[in-house]
Amino acid sequence: MVNYHAHRLDGIFAALGDPTRRAILARLKRKDSLSVSALAEPFAITLPAVMKHLDVLARAGLIRRSKHGRTVTVEIATDSLKTAMDWLQRYERFWSSSLDRLAKYAESKEAEARRKGH
Amino acid sequence: MSNVTIVRCIAARPAIVFEALATPEGLMSWWGPDDLPVVAATADLRVRGRFQVRFRTADGLEHECAGQFLEIVRPERIVMSWQWISGGEPREREAVSRLELHLRAIETGTELTLVHAALHDEASARNHEWGWNGALDKLLRNFDETRTA
């Protein structure tokens with residue numbers, strides 16, 4: 001289970017690494033929930049291809065599918081996106097703060113080198 | 001594939017920034033999330049050479065990360081793998097990240113670009129296009145705005 005979080009992140013980022021899947025998410029975000037056929041409509045790919053993308057998104061926890069009669073409805077699941085965003089924000093803070101100190105250190109080294117006439 | 005990308009302009013020449021990035025003395029001066037000291041740093045600056053950094057955070061805890069230099073082009077580029085050995089993010093303990101540091105000489109010194117990629121699987125990292133993170137960031141920001149609105 002130690003690995004669960006890391007694997008989950010991999011799944012999310014891998015799922016988001018495809019432009020069609022991002023477009024699907026963007027479309028779902030605008031529409032809240034859609035049937036699979038309505039969702040597939042604007043895409044120039046076959047319905048089975050769309051279904052495959054939906055499988056990847058569902059495995060990554062980025063969407064939820066529910067069946068109403070013969071219609072499968074798809075909606076976005078924001079938890080996984082939040083996991084991905086938390087990762088990005090956490091490390092952005094980490095590196096941003098590190099680089100502040102790196103800059104200070106390198107700049108003092110530069111001043112030192114100049115004083116020595118290099 | 002997603003990553004954190006940060007660009008910084010530093011008033012020091014690339015050779016000096018490069019030394020600061022990858023020598024033990026340099027690493028001691030900067031690695032870590034706050035102003036608390038780095039406790040120990042080692043760096044064997046050659047391809048497949050290892051580095052290790054232990055630092056303390058404001059909560060009194062010590063954290064250790066370690067990795068390997070994957071690419072060294074003096075004074076332009078360093079690529080390294082790294083992961084948490086202790087402390088840090090326990091949930092990510094077994095995940096190996098990839099850190100790229102690109103240096104470019106500019107009139108005022110060096111433009112440094114840091115790219116930290118989340119994926120630890122080398123094969124899937126290669127299979128995915130780099131650099132679409134701007135789109136992801138935008139997407140995620142939209143969600144954030146939606147949630148907080």
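In what follows, helices are DSSP runs of H or I with at least four residues, strands are DSSP runs of E with at least two, and both are numbered from the N terminus. By this count, the secondary structure of chain A comes to five helices and three strands. The structure is a predicted model, in which local features need pLDDT of at least 70 and side-chain atom pairs count only at pLDDT 80 or more, while totals for chains, interfaces and linings use all residues. Residues are numbered from 1 along each chain as its sequence is written, and chains are lettered from A and ligands numbered from 1 in the order in which they are written.

Read from the N terminus on, its elements follow the pattern α-α-β-α-α-β-β-α. The C-alpha trace of chain A spans about 80 × 35 × 20 Å along its principal axes. Its radius of gyration, taken over C-alpha atoms, is 22 Å, whereas a compact globule of 118 residues would have a value near 13 Å; the globule rule is 2.2 Å times the number of residues to the power 0.38. A residue is called buried if 20 or more other C-beta atoms lie within 10 Å of its own, exposed if 12 or fewer do, and partly exposed in between, with C-beta atoms placed from the backbone. Of the 118 residues in chain A, 34% are buried. Two residues are in contact if their C-beta atoms, placed from the backbone, lie within 7 Å. Among the contacts in chain A between residues at least 6 apart in sequence, 55% join residues at least 24 apart.

The sheet of chain A comes next. Strands of a sheet pair through backbone hydrogen bonds, either parallel or antiparallel. Here, two strands are said to pair if DSSP finds at least two bridges between them. In chain A, three strands form an open sheet in the order β1-β3-β2, with antiparallel pairing. Its edges are β1 (33-35) and β2 (63-68) of chain A, each of which has a single partner strand, so one side of each is left without a neighbour in the sheet. On average, neighbouring strands of this sheet are turned by 25° against each other, direction ignored; axes are lines fitted to C-alpha atoms, for helices over the stretch in contact, and angles run from 0 to 180 degrees between N-to-C directions. Three bridges join β1(A) to the antiparallel strand β3 (residues 71-76) of chain A, and A:Ser35 has A:Thr73 in β3(A) as its bridge partner. Helix α2 (residues 19-31) of chain A packs on this sheet and touches β1, β2 and β3 of chain A, its direction making about 95° with that of β3(A).

Chain B also contains a sheet. This is an open sheet of seven strands in the order β1-β7-β6-β5-β4-β3-β2, paired in the antiparallel sense. At its edges stand β1 (3-10) and β2 (38-43) of chain B, each with a single partner strand, so one side of each is left without a neighbour in the sheet. Neighbouring strands are turned here by 20° against each other on average, direction ignored.

Five bridges join β2(B) to the antiparallel strand β3 (residues 50-56) of chain B, with B:Ala43 opposite B:Phe51 in β3(B). These two strands form a hairpin with six residues between them. In the loop between β2 and β3 of chain B lies B:Arg48, whose phi is near 75°, a positive value in a residue other than glycine. B:Arg48 is exposed because 8 other C-beta atoms lie within 10 Å. Seven bridges then pair β3(B) with β4(B) in the antiparallel sense; the hairpin of these strands has five residues between them, and B:Gly60 takes a positive phi near 90° in it. Strand β4 (residues 62-73) of chain B is in turn joined by nine bridges to the antiparallel strand β5 (residues 77-86) of chain B. The loop between β4 and β5 of chain B holds B:Pro75, and the peptide bond from B:Arg74 to B:Pro75 is cis, with omega near -10°.

Finally, two helices lie against the sheet of chain B. Helix α5 (residues 78-115) of chain A lies across β1 and β7 (109-117) of chain B, at about 20° to β1(B). Helix α1 (residues 14-22) of chain B packs on the sheet, touching β1, β2, β5, β6 (97-106) and β7 of chain B, and its direction makes about 160° with that of β6(B).
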